[in-house]
Amino acid sequence: MVSNADWLSVPVAQIYGRLVRVNGLLLEAVGCELGTGERCLVERQDGSMVEAEVVGFDRDLLCLMPITATDGLVPGARVRPLSGVSPAPVGPGLLGRVVDGCGEPLDGKGPLTGVRQCRERITAPNPLLRRPIDQPLDVGVRAINSMLPVGRGQRLGLFAGSGVGKSVLLGMMTRFTEADIVVVGLVGERGREVREFIEHSLGEAGRQRAVVVVAPADATALMRLRAMRLCHRIAAGYRDQGHNVLLLVDSLTRYAQAQREIALSLGEPPATKGYPPSAFTQLPSLVELAGNGESTRGSLTALYTVLVEGDDQNDPVADAARAILDGHIVLTRELAEQGQYPAIDVNASASRLAAQLSEPETLQAMQQVRQLNARYNEVKALIPLGGYQPGQDQQLDLAVQVQPQIKAFLSQGMDEGQSRQDSLAQLHHLVEGFNHG
């Protein structure tokens, strides 16, 4: 006779699917009832597992995208469904740690402690219930604090080509910002740059209040997407706890490229320069996760770097990002070659919240510096050739005369931080010198 205890000890049956095809980046399986976005484990020949996510289906055929290398898979391999979305670690124990796109530590400091695994999906707040952006955020960079004010909850893009100082500027903001917590996402960048950013750009002081999420260029497309989503889940978790959070992501372009790889593997036709339509529809869905929430406490300010290929500001991803962000900061190769760091072109940059975050006299000072900078740019190519003759235009003469002062004002050493209050004071002092000099 079988007792109740014997019945309770019988293991519950586990339903497995099976792998029927590996097609480039895509795995195809049958026999599993899973929805898009859900996870599963695919068994290798040696018994180890490859985690994958459902990215599409065709009748009973599931299309899976792996997060790790797929070597060792064989036809008919078992596919075991997993319940729920991938967990995200949240808590004070994350500060100072470096994790991958799955939340696993990469810094050799042992397992994460003082965190909880959150399995809830992050969703964008109701737009009518979001707390408005009415307070400035000090980022410690004079050119941004004075000419391109950033508000708590704003989302900006940092547009630049390769090698003009994006990572250095991100490191400066990480160290010198007044935000309580900084979440840094290094998605799709070269592996060599990861350690350099953490040790040199971020530094030990900046690392103490930062969480770094890493998915280098050799990571799978799904791992890069997961890393980007994990950055937002961690940042939103700290925001909802009442902290002022600064989210720095390098880069939004690599996220779009990862989405392109997956979409093309699923057979979606390319539209603009090889990007399928879904690559652009995912960008606003991601960006809307940042910003202020419904609570009156806490904020989430986000800065996304956008790699403009060939220094083309009309690159498809750059053009799409400009339309969905609350401002853009443009770094130019020309200014970098002239030795101006950070190489911010203030005339090509804009903060859409400058009017709400600045006093009228400050806005007037910003406008005057922009006008003088623009007038100088009109004739700078003529000056070495002798084509500019002073005395014919008073404003143009002033623009040429004060250009060294403007350039010095917009320049800043990478180890030099400056508060917003001091930045605005220097801006007003600079403009007063123009008017009374």
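This is a predicted model: local features need pLDDT of at least 70, side-chain atom pairs count only at pLDDT 80 or more; totals for chains, interfaces and linings use all residues.
1. Start with the empty space inside. Rolling a probe the size of a water molecule over the atoms shows where such space is left. Here the count comes to one cavity of 30 Å³ or more. About 40 Å³ of space lies in the largest cavity.

2. The residues that line the largest cavity are V139, V150, L156, M173, L246, T301, A302, L303 and I329. Which element gives the largest share of this lining? Strand 14, residues 299–307, does, with three residues. By class, eight lining residues are nonpolar and one is polar. No charged residue is part of the lining.

3. Now the charged pairs. Side chains of opposite charge can pair when their charged atoms come close. How many salt bridges does the structure hold? The total is 23.

4. R130 and E288 form a salt bridge through their side chains, at 3.6 Å from N to O. R130 sits in the loop between strand 9 (116–118) and helix 2 (142–147), while E288 sits in the loop between helix 7 (277–287) and strand 14, so the pair ties together parts that are 158 residues apart in sequence. Strand 14 also supplies three residues to the lining of the largest cavity.

5. Are the two partners buried or exposed? R130 has a relative accessible area of 18%, under the 20% cut-off, so R130 counts as buried. E288 is partly exposed, at 31% relative accessibility.

6. A second bridge joins the side chains of R142 and E416, at 3.4 Å from N to O. R142 lies in helix 2 and E416 in the loop between helix 12 (394–410) and helix 13 (420–436), so this pair ties together parts that are 274 residues apart in sequence. R142 is buried, at 5% relative accessibility. E416 is partly exposed, at 34%.

7. E193 is buried, and its relative accessible area is 18%.

8. Some salt bridges share partners. Which residues do they join into one network? R39, E51, E53, R226 and R229.

9. To look at in the structure: the lining of the largest cavity, with eight nonpolar residues and one polar; the R130 and E288 bridge; the R142 and E416 bridge; and the network that includes R39 and E51.

Note on methods:
Residues are numbered from 1 along each chain as its sequence is written. Side-chain values use heavy atoms; hydrogens and water are left out. On a 1 Å grid over the protein atoms alone, a cavity is a set of points where a 1.4 Å probe fits but cannot get out, and a pocket is an open set with protein on both sides within 12 Å along at least five of seven lines; lining residues have an atom within 4 Å of a point. Grid points are joined across faces, edges and corners, and a volume is the space filled by probe spheres set on the points. Helices (H or I, at least four residues) and strands (E, at least two) are DSSP runs, numbered from the N terminus. Ala, Val, Leu, Ile, Met, Phe, Trp, Tyr, Cys and Pro count as nonpolar, Asp, Glu, Lys and Arg as charged, and the others, Gly among them, as polar. A salt bridge is a side-chain nitrogen of Lys or Arg within 4 Å of a carboxyl oxygen of Asp or Glu. Buried means under 20% relative accessible area, exposed over 50%, partly exposed in between (1.4 Å probe, protein chains only).
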